[in-house]
Amino acid sequence: MKKAALLLMLLLAVTSMAYAKIPSYVKAGTYEGLAIGRNDYIIVLVTIDKGKMTSIKVDSHYETANFFQLVYPNLTDRMVKEQKASVDVVAGASMSSRGLIDAVKDALTTAGITADDLKKL
């Protein structure tokens, strides 16, 4: 019985760490972010509601279509699901991936997330 309780507590602790949380001081809204991808700027719109990222839309980009199709919506879906901006890049499209990730981080900074809190996302 003690082992089962310990396993349950461990599982809950790991699960709670797996998904980051948008800090409570961030107001709901849609925030724009931009960063350089492989070819030029990637501009995203990140919507935050009730303390969570609810959507990430690419507003514009100049990436090569074949590469960007590997990146978007793969990364944005993971970011919303896991509630964090720091996800693994897509192999074969690392520069476009990094640009998209950095654009989302820029939007979160625009939303008012501090540098220390951004490191946790």
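The dialogue below moves from the overall fold to single residues.

Q: What kind of model is this, and how are its residues numbered?
A: This is a predicted model, in which local features need pLDDT of at least 70 and side-chain atom pairs count only at pLDDT 80 or more, while totals for chains, interfaces and linings use all residues. Residues are numbered from 1 along each chain as its sequence is written, and side-chain values use heavy atoms, with hydrogens and water left out.

Q: How many helices and strands does the protein have?
A: Helices (H or I, at least four residues) and strands (E, at least two) are DSSP runs, numbered from the N terminus. Here there are 5 helices and 3 strands, and from the N terminus on they follow the order α-β-β-β-α-α-α-α.

Q: What share of the residues in the protein is buried?
A: A residue is called buried under 20% relative accessible area, exposed over 50%, and partly exposed in between, using a 1.4 Å probe and protein chains only. By that rule, buried residues make up 34% of the 121 residues.

Q: What span should helix H4 have, and what span does it have?
A: The expected span of a helix is 1.5 Å times one less than its number of residues. Helix H4 covers residues 94-110, so its 17 residues should span 24 Å, and this agrees with the end C-alpha atoms, which are 24 Å apart. Just after H4, glycine 112 takes a positive phi of about 105°.

Q: Which residues of H4 are buried, and what covers them?
A: The buried residues of H4 include Gly99, Leu100, Ile101, Ala103 and Val104. Their cover includes the strands S1 (29-36), S2 (41-49) and S3 (52-60), together with the helices H2 (65-71), H3 (74-82) and H5 (115-120). Serine 97, which also lies in helix H4, counts as buried because its relative accessibility is 0%. Contact means heavy atoms within 4.5 Å, and, leaving aside neighbours within four places in sequence, serine 97 is in contact with Val71, Leu75, Val89 and Val90.

Q: How many salt bridges does the structure hold?
A: Side chains of opposite charge can pair when their charged atoms come close. A salt bridge is counted when a side-chain nitrogen of Lys or Arg is within 4 Å of a carboxyl oxygen of Asp or Glu, and the structure holds 3 of them. One joins lysine 84 to glutamate 82 (3.7 Å, N to O). Another joins arginine 98 to aspartate 102, with the closest N and O atoms 3.6 Å apart; these two residues are 4 residues apart in helix H4, so about one helical turn separates them. Aspartate 117 and lysine 120 also meet in a salt bridge (3.4 Å, N to O).

Q: Are aspartate 117 and lysine 120 buried or exposed?
A: Aspartate 117 counts as buried because its relative accessibility is 17%, whereas lysine 120, at 61%, counts as exposed.

Q: Where does glutamate 63 lie, and what does its side chain reach?
A: Glutamate 63 lies in the loop between S3 and H2. Lys and Arg count as positive and Asp and Glu as negative, while His and the chain ends are not counted. Glutamate 63 is buried yet has no salt bridge, and the nearest side chain of opposite charge, that of arginine 38, is 6.6 Å away. The side chain of glutamate 63 does, however, reach the backbone nitrogen of arginine 38 at 2.8 Å.

Methods: Polar contact = N/O pair within 3.5 Å; in protein donor to acceptor, adjacent residues only side chain to side chain.
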